[in-house]
Amino acid sequence: MATYKSDDVLLLAPAESVFAKLSNLENLRSLLEKVPADQIPADKMEMFNSITITPDAITVPGGPVGALTFRVKEKTSPSLIRLEGEGSPVPLSLSMKITPDSEATSKAQVVIDIEIPAMLKPMVGGHIQKMADQFGQVLKAIPFA
């Protein structure tokens, strides 16, 4: 299993607020609705509009490989939310680790664990690391208040 971690990102909300918002995935729906249409490439618009969200899962169309569902598998308030991939060609999980920083702030780190063959790791590892880093940056943009 290969592990890719984002840098810690500072969030302007207490850990409890961050956990409350992220532990119910339906809270992400409002964020998707606010993405300006001109920020989504025309060839990705149909895929973007096909994302489905429930309180415990988010499903993203995956093109030729099929849909990929991330389902909440573990929640430890206020420090951990772990999503596990369903329908992926390889076992994978995405965790959000949340740590208090002060009364009004917290830090978060995104961790992606994926089982990839050693010979593919050099080819895809950089892309997966970039995805972990980008997800960490997305967390900074979420209004937790």
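Okay, housekeeping before the picture. It's a predicted model, with local features needing pLDDT of at least 70 and side-chain atom pairs counted only at pLDDT 80 or more, while totals for chains, interfaces and linings use all residues. Residues are numbered from 1 along each chain as its sequence is written, and side-chain values use heavy atoms, with hydrogens and water left out.

Let's start with the strands. When I say helix or strand, I mean DSSP runs, H or I of at least four residues for helices and E of at least two for strands, numbered from the N terminus. Two strands pair if DSSP finds at least two bridges between them.

So, walking along: β4 and β5 are antiparallel, with four bridges, and Val60 has Leu68 in β5 as its bridge partner. Next, β5 and β6 are antiparallel too, joined by seven bridges, and they make a hairpin with three residues between them. Phe70 is bridged to Gly85 in β6. In the loop between β5 and β6 you'll find Pro78, and the peptide bond from Ser77 to Pro78 is cis, omega near -10 degrees. For background, most residues other than glycine have a negative phi, and most peptide bonds are trans.

Moving on, β6 and β7 pair antiparallel over five bridges, with Arg82 opposite Ser95 in β7. Their hairpin has five residues between the strands, and in it Gly87 takes a positive phi near 85 degrees. Then nine bridges join β7 to β8, again antiparallel, and that hairpin runs through five residues. Ser93 stands opposite Asp113 in β8.

Now, some serines. Buried here means under 20% relative accessible area, exposed means over 50%, and partly exposed is in between, using a 1.4 Å probe and protein chains only. Contact means heavy atoms within 4.5 Å.

Is Ser93 buried or exposed? Ser93 sits in strand β7, and it counts as buried because its relative accessibility is 8%. Setting aside neighbours within four places in sequence, Ser93 contacts Arg82, Leu83, Glu84, Val111, Ile112 and Asp113. Ser95, also in strand β7, counts as buried at 5% relative accessibility. With residues up to four places away left out, Ser95 touches Leu80, Ile81, Arg82, Gln109, Val110 and Val111.

Ser6 is in the loop between β1 and β2, and it's buried because its relative accessible area is 4%. Not counting residues up to four places away, what Ser6 touches is Gln109, Val110, Gln129, Ala132, Asp133 and Gly136.

On to the core. A nonpolar core is a set of buried Ala, Val, Leu, Ile, Met, Phe, Trp, Tyr and Cys residues joined through side-chain atoms within 4.5 Å. Which residues touch the most other members of the largest one? Out of its 30 residues, those are Leu22, Leu83 and Leu139. The elements giving at least two residues each are β1 (2–5), β2 (9–11), α1 (15–23), β5 (68–76), β6 (80–86), β7 (92–100), β8 (106–114) and α4 (121–141). Beyond neighbours within four places in sequence, Leu139 contacts Leu11, Leu22, Met96, Ala108, Val110 and Phe144.

As for α1, its buried residues are Ala15, Val18, Phe19, Lys21, Leu22 and Ser23. Their cover includes β2, β5, β6, β7, β8 and α4.

Last stop, the pocket. The grid has 1 Å spacing over the protein atoms alone; a pocket is an open set of points where a 1.4 Å probe fits, with protein on both sides within 12 Å along at least five of seven lines, and lining residues have an atom within 4 Å of a point. Volume is the space filled by probe spheres set on the points, which are joined across faces, edges and corners.

How big is the volume of the largest pocket? About 1,700 Å³. It's lined by 44 residues, and Val60, Phe70, Met131, Gln134 and Phe135 lie nearest its centre. Elements giving two or more lining residues are α2 (29–33), α3 (45–49), β4 (57–60), β5, β7 and α4, with α4 giving the largest share, ten residues.

By class, the lining has 35 nonpolar, seven polar and two charged residues. Here nonpolar is Ala, Val, Leu, Ile, Met, Phe, Trp, Tyr, Cys and Pro, charged is Asp, Glu, Lys and Arg, and the others, Gly among them, are polar. That's my tour, thanks.
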